[in-house]
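Have the viewer open while you read.

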Amino acid sequence: MVLGIESSCDETGAGLVQDGVLLGHAVASSMDEHARFGGVVPEIAARAHVHAAAPVVRAALAEAGLEMADIGAVAVTTGPGLSGALQVGVAAAKGFAYSLGVPLYGVHHLAGHVAADTLEHGPLPDPCMVLIVSGGHTSLLLVRDLARDPIVHLGDTLDDAAGECFDKVARVFGLPYPGGPAVDRAARTGDPRAVAFPRPLTGPRDDKYAFSFSGLKTAAARWAEQHRASGRPLPVEDGAASLQEAVADVLTKKAVAACRDHGVDTLVVVGGVAANSRVREMAQQRCDAAGITLRVPPLRLCTDNGAMIAAVGDLLVRAGAEPAPLDVSIDPSAPLEYAALHPVSGTAKTAKTAKAARASRAAKAARTTSAA
């Protein structure tokens, strides 16, 4: 049984997974503490993780009806994310692994989002197309064996991610933080055709798999400014619905095109923005029309959680992957190349190099003495 710990941003999560089955999980969010600042404050997030790490693990164990001694391995997010927040999670994971005498696995946060779908729908098809959409990341990935094979990036965002666009425009519209859910709620009573917002990077000469939401964000902000400057009330619901329609249109069009181009018949949509109702609806419509199977995790597994990290740890254990070294560190800006992420700090690397050099000199001296 694998314990997974997630602390990359403002949610502290713990999950328990064995043989691909989710046994229990718990999440503590510090979102309310950040709301008055309009975004996540790293120092507040790190302190919240310190207070929540042990309680969420106990809550996950209680939900599963298990004891600490039942844990056979620990997996933890080692990047990317907020540096201080990641440090708390890694320190907690090291403490649990050391005290229990079990192996520790470092996990890439985005690989966790991919693996979250396996807890609901079973093993991922080989290959499958994965669209990751969150507050900080928007990527199209070609995934084979998540535990063993490299992850192929077909396209990534060149600037703002889809979730970041929602958050920033929501603030301009006067909607509360977090912006994604607020935009989704406001859009329910709006007209998605009311404002002709642009569809970035969808022209014939554009990179067909790359994303860009900075221009869309700016267009929405200018539209709101012009309304206010003219003294007219801002039709927030129409703006939210039109913005959401533009984002969903771009995301799903590129994802379905990637499936067709690469002969892949399964699309997996994951990440926080996968909880958006219009993204899910449009993805289903376009996949049905193209004969593509769509897989989207349930809402509770779309946002950050420990279950998804435990799912990756479980895959790594079953694949016979090497555990992380005891001096595993964090990488706040780690690129997604493999599901396992075992960075070692520069200080530790220097110490290792020095130790190896000393051992080499000692061995050389011993050989010289022996020869003499």
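What follows covers the ground rules, the sheet, and then the helix pairs.

## Ground rules

This is a predicted model, with local features needing pLDDT of at least 70 and side-chain atom pairs counting only at pLDDT 80 or more, while totals for chains, interfaces and linings use all residues. Residues are numbered from 1 along each chain as its sequence is written, and side-chain values use heavy atoms, leaving out hydrogens and water.

Helices (H or I, at least four residues) and strands (E, at least two) are DSSP runs, numbered from the N terminus. Axes are lines fitted to C-alpha atoms (for helices, over the stretch in contact), with angles between N-to-C directions running from 0 to 180 degrees.

## The sheet

Five strands make an open sheet with mixed pairing, in the order E3-E2-E1-E4-E5; two strands pair if DSSP finds at least two bridges between them. E3 (21-29) and E5 (104-108) sit at the edges with a single partner strand each, so one side of each has no neighbour in the sheet. Ignoring direction, neighbouring strands are turned by 20 degrees against each other on average.

E1 (residues 2-6) and E2 (residues 11-18) run antiparallel and are joined by five bridges. Ile5 is found opposite Ala14 in E2.

## Helices on the sheet

H3 (residues 83-100) packs on the sheet and touches E1, E4 (73-79) and E5, its direction making about 160 degrees with that of E4. Contact here means heavy atoms within 4.5 Å.

H4 (residues 109-116) lies across E1, E4 and E5, at about 90 degrees to E5. How many of the residues of H4 are buried? Eight of its eight, where buried means under 20% relative accessible area with a 1.4 Å probe, protein chains only. Among them are His109 and His113.

## H8 and its two partners

The axes of H8 (residues 214-229) and H9 (residues 236-261) come within 11 Å and cross at roughly 165 degrees. That makes H8 roughly antiparallel to H9 (angles over 145 degrees; under 35 counts as roughly parallel). Leu216, Ala220 and Trp223 of H8 make the contact with Gly239, Leu243, Ala246 and Val247 of H9. These divide into six nonpolar, one polar and no charged.

H6 (residues 162-173) and H8 have axes that come within 9 Å and cross at roughly 5 degrees, which means H6 is roughly parallel to H8. On the H6 side are Cys165, Lys168, Val169, Val172 and Phe173, meeting residues of H8 including Leu216, Lys217 and Arg228. This contact divides into nine nonpolar, no polar and three charged. Ala, Val, Leu, Ile, Met, Phe, Trp, Tyr, Cys and Pro count as nonpolar, Asp, Glu, Lys and Arg as charged, and the others, Gly among them, as polar.

Methods
Angles under 35 degrees count as roughly parallel, over 145 as roughly antiparallel, 65 to 115 as roughly perpendicular and the rest as oblique. Buried means under 20% relative accessible area, exposed over 50%, partly exposed in between (1.4 Å probe, protein chains only).
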